[in-house]
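Visitor: I would like to learn how to read a structure like this one. Please take me through it feature by feature.

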Amino acid sequence: MDNIQILIDAPSLALQLAIDGILIGAILALAAFGMALVWGVMNIINIAQGEFVIMGGYATLTLTGLGIPPLLTLPLAPVVMFVVGWIIYRIVIFRVVDRDLFISILATFGISILLQQLINQIYGPDIQAVQSGLTTRFFFDDALRLPEIRMLAVGIVIVFGLGLAVFLKSTRMGRAIRATSQNPRAARIMGVDTDKVYATTYALNAAICGAAGSLIVMTLVIGPFSGIVYTVRSFLIVIVAGLGNIPAVIVAAFGLGAAENYAGFILGAEFQVAFVFGLLVVIIVGRNLLLGRQRKYLK
Amino acid sequence: MTRVRNDYVLYGAIGVAAIAAPFVFPSFQIQLSFLWLMILFAMTWDIMGGQMGYNSFGNILYFGVGMYVSAVVQVGLFYDVAAYTSAAGANIQSFTPSQFLWGLALGMPVAGLAAAVLAAVLGAGMLGLRGHYFAIGTLGLGILAAELAGAWDYIGAGSGMVPPLFPDGLGSRPRFFYFVLFGIVVAAFFTLRWLYSGRFGLAINAIRDDEDKAEAMGLHTRRYKTVAWGVSAFFLGLAGGPVGAMIGFIDPRDTAFAGTTWGVFMVLMAILGGKGTIWGPVIGATIFHVTQELFWTFLLGWQRVAMGALIVLIVVFFPQGIMGWLRERMPERFGHRVEDSPAGPGD
C-alpha cells in the first residue's frame, strides 16, 4: 500500500484528508438527523432520504439559475423541500405509517426511484455543481486548505442540531412529536393530532435534507442517481449513533466522513462508494454477531 | 385425484403454449425470453421473501455474479481473460459453435454453483440479521457488488464486458436463449414445488411465522435459511450466463447488478402475484412484464418514472397480491387451510 506510506510521510496531507472528511461528515450529519427523526417517531426507514438531499441540491441549482445568490438559497431550499415532504406525506406516507416495516421500506424505495427518474427527466443525467462564491482559506504556509463554504456547513449543522434539540424539547409541536414517538395511541387519546405530527416530522425531515443538499451542491457535486449513497450513509450513522442522540450523530458523521476520505485516498477514488456499502454490511453484520453471543439480534 | 389430473392438464397446456410461442410470435422472442427471466426472478425471490419472510433487496447480486462467472468461464476456456476484456470492442475473438456451446454448458453450472457457494458464505453473517436490517443489508450488498464489479479491471471495470457472441450456424439466436431460459424456469419451478411440498417448505414457513419459536422447536433455522438462500442463488446464477450472452454486453450497473430495475422488480412481481404461493410469482411476473413492455412502448422516456409510481401503488394498495386477493374472495377454492392472515405481509 504505497498510499499509506505517503500519508505517513506527509502528515499535513493526512490532516487535510481528516479535516475535509469531517467537514463533509457535518453535511452527512444533517441527513442523519432527519433519518433518525423519521425512524424514531414514525418507525419508517426512509429510503428516499438520499433523493431528498439531492432534490435540495437541485432546488439550489434552480434558484441560482433564477438569479438568486447561492448562499441566499440556503434558507430557501429547506422551505421548498418542506413543501415537497408534506405533499409526499399526504399522498403516500400516511398510508404506510401504521403498516409493517417491509411495506414502508418498499414504498419509500418506490418513491426514491420515482424521484430520481423524475430528476433525471427534468435535469438530465449529468452531474452538476454550484459555485458558492466563497473563497478558500489557507493555513500553515498553504499546507492546509479550508474552503469557507465547508466551515459554514459545520456551523449550519451545529445550529440545526441545537435548533432541533430546542424545538423537540420546548415547543408545543416538539412535545407532541416526542409524545407520539413514545406511544402514538396514548398520544392520540391525550388529544395529540398524530396525523399532523407525522406530517410535520416527515416534512421537517425533508427540509433538513434540503439544507444538506443545498450545501452538497456547493461543496461537492450532485447527480440524479447519487441519492442512494446518502441514504446508506445516513442509515449507517444512525445505527452507529442510535436513535435520538444528537451529539452521537454528529460524532459518528464526522467519523464516517473522515474514514471515507481516507479509504478513498488509500484504495483509490473508484472504491470510495464501495467502501461505504462495505462498511454498512460489515457494521450491521458485526454488531449482529456480537449480539448473537447473547442470543439476541439487531432490532 | 381430479386435482392432480387438473394440475397435469394445466402444466401440459402451459408447456405446449410455451414451446409454441416463439414459433407463433417470432418477432417477440426476445420479450418472451425476458418473460421467463422475470418469472425466474420472482420465483427465486419468493423462496426468501414470501416463504421464509426474509425480504432481500440484494438477490440481484447472485444474478450478476452468475453472469460474470459464466462469461469468464466461457472466455477463459479458450483465451486469456484479462487480455480479452482489455481489448473490449476492438478485436473481439470469435468463438466457433462448439466452443460456444461447451463454454456455456460449463459456464452455467459453474456460475450457479459459484452463486450458491457465495450465498452460503455471505449467509453465515447476513442470515443472522432480521427484518429491516436484513433488507437494508442485502440492499447494500447488491450495490457493493455493482461498485466492485465497476472498479475491477479483470472483468472490464466500468466499461463492461462483452461475453462471447453467439456464433453463426446454431440457428436463431433469440430462439436458442428462449429455450435455455424456459428450461431453467421449468427446472426451478419443479424444484421449488418439490421443496415446498415437504419438510423444507414447512420449516421455512415456520421461520417466517416465528423464527424464535421455530428454533425453540428444534429446527436448525440457520441450516434451512442457508439452503433457501443457496437454492435461490443457484437458479439466479444459472440464468446469469445465458442472459449475459443473450444481451451481448455486460454492464456492471445496468445489466449484471441492476439493483434499481431488476433488483426491485423481483420483489414487486412476487408481491403483485402474491407472496408465499407457488403460482403467485409466476402470475405477478407475467402481468408485470406485459405492463412494463406496454409502458416501454408508449411512455417514451417516462417509463421509469411510471415504474416508480407503479411500485408505490402496488405496495400501498395491493400488498396481498393477486393470489392473496383470490384467497380472500374464494377461500373454498384453496381448500381448508387454517391461516390467520392468508398471504398477508409477514412481520
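**Two helices, two chains**

Guide: In α11(A), Glu260(A), Ala263(A), Gly264(A) and Leu267(A) meet Gln272(A), Phe275(A) and Val276(A) of α12(A). Two residues are in contact if their C-beta atoms, placed from the backbone, lie within 7 Å. By class, this contact of α11(A) with α12(A) has 4 nonpolar, 2 polar and 1 charged residues. Ala, Val, Leu, Ile, Met, Phe, Trp, Tyr, Cys and Pro count as nonpolar, Asp, Glu, Lys and Arg as charged, and the others, Gly among them, as polar. The model is predicted: local features need pLDDT of at least 70 and side-chain atom pairs 80 or more, while totals for chains, interfaces and linings use all residues. Residues are numbered from 1 along each chain as its sequence is written, and chains are lettered from A and ligands numbered from 1 in the order in which they are written.

Visitor: At roughly what angle do the axes of α11 and α12 of chain A cross?

Guide: Two packed helices are described by the angle between their axes and the distance between the axes. Here helix α11 (residues 246-267) and helix α12 (residues 272-292) of chain A have axes that come within 9 Å and cross at roughly 125°. Axes are lines fitted to C-alpha atoms, for helices over the stretch in contact, with angles from 0 to 180 degrees between N-to-C directions. That makes α11(A) oblique to α12(A); under 35 degrees is roughly parallel, over 145 roughly antiparallel, 65 to 115 roughly perpendicular, and the rest oblique.

Visitor: How many residues does each chain give to the contact between A and B?

Guide: Chain A gives 37 residues and chain B gives 36 residues. On the side of chain A that touches chain B, α5(A) supplies the largest share, 14 residues. By class, that side has 28 nonpolar, 6 polar and 3 charged residues.

Visitor: How many helices and strands does chain A have?

Guide: Helices (H or I, at least four residues) and strands (E, at least two) are DSSP runs, numbered from the N terminus. Chain A has 12 helices and 2 strands, and chain B has 15 helices and 0 strands.

Visitor: What share of each chain is buried?

Guide: A residue is buried if 20 or more other C-beta atoms lie within 10 Å of its own, exposed if 12 or fewer, and partly exposed in between, with C-beta atoms placed from the backbone. Buried residues make up 47% of the 299 residues in chain A and 51% of the 347 residues in chain B.
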